[in-house]
Amino acid sequence: MQLPQRKRTDTRMTDDLRHVPLCRCDEVEEGACRQVVLPGRKPLVVFRLDGAFHVLDDTCTHGNAFLSEGDVVDHQVFCPFHSGAFDIRTGEATVAPCVKPLRRYPAVVVDGVVHGDLSER
């Protein structure tokens, strides 16, 4: 007697979203950032601070501006539109008029490439 075959769940999409390659480490200098545009998504920004990488949404939550075009001071990025700011390490709004935090994505480095976990939580 032959047992029925189990259907396999295709987890490639989920796995891919957990480890999406964003940029090479050497493309982001210490204290700087790089915008990353992926198909079908709003832009992301990768920051490098104190040797660690941080991945956030690149669009300010207060106005339609790219934070990758703003100034990085200490651990904050200042929006070029209204000069509000966010903590790069947490995504929390730190200077008005920004009050809504940025979405933050866990980052990991694999073979010299920054990957972001873009899966829904």
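**Salt bridges**

I was working on a predicted model, in which local features need pLDDT of at least 70 and side-chain atom pairs count only at pLDDT 80 or more, while totals for chains, interfaces and linings use all residues. My numbering runs from 1 along each chain as its sequence is written, and my side-chain values use heavy atoms, with hydrogens and water left out.

I then looked up the individual pairs, and noted that the side chains of Arg24 and Asp26 form a salt bridge at 3.1 Å, N to O. Arg24 also forms a salt bridge with Glu27, with the closest N and O atoms 3.4 Å apart, and Glu27 in turn forms one with Arg34, where the closest N and O atoms are 3.9 Å apart. I therefore recorded Arg24, Asp26, Glu27 and Arg34 as linked in a network of salt bridges.

Arg24 is partly exposed at 44%, Glu27 is partly exposed at 28%, and Arg34 is partly exposed at 35%, whereas Asp26 is exposed at 58%.

Cys25 is in no disulfide, and the nearest cysteine sulfur, that of Cys23, lies 7.1 Å away; Cys25 itself is buried, with a relative accessible area of 11%. For Cys98, I noted that the closest cysteine sulfur, in Cys60, is 3.7 Å from its own sulfur, which is too far for a bond, and that Cys98 is buried at 5%.

**Gly84**

I next located Gly84 in the loop between β6 (76-78) and β7 (85-87), with helices (H or I, at least four residues) and strands (E, at least two) taken as DSSP runs numbered from the N terminus. Is Gly84 buried or exposed? Gly84 is buried, with a relative accessible area of 0%. Leaving aside neighbours within four places in sequence, I listed its contacts (heavy atoms within 4.5 Å) as Val77, Phe78, Cys79, Val95, Ala96, Pro97 and Cys98. I also looked up Gly63, which is 21 residues from Gly84 along the chain, and the C-alpha atoms of the two are separated by 9.6 Å.

**The three-stranded sheet**

Last, I traced an open sheet of three strands in the order β1-β11-β10 with antiparallel pairing, where two strands pair if DSSP finds at least two bridges between them. The twist averages 35 degrees from one strand to the next, with axes fitted as lines to C-alpha atoms (for helices over the stretch in contact) and angles running from 0 to 180 degrees between N-to-C directions. Strand β11 (residues 113-116) and β10 pair in the antiparallel sense over four bridges, and I noted Gly116 in β11 as the bridge partner of Ala107.

Definitions and conventions. Salt bridge = Lys/Arg side-chain N within 4 Å of Asp/Glu carboxyl O. Buried < 20%, exposed > 50% of the residue type's maximum accessible area, 1.4 Å probe, protein only. Disulfide = S-S within 2.5 Å.
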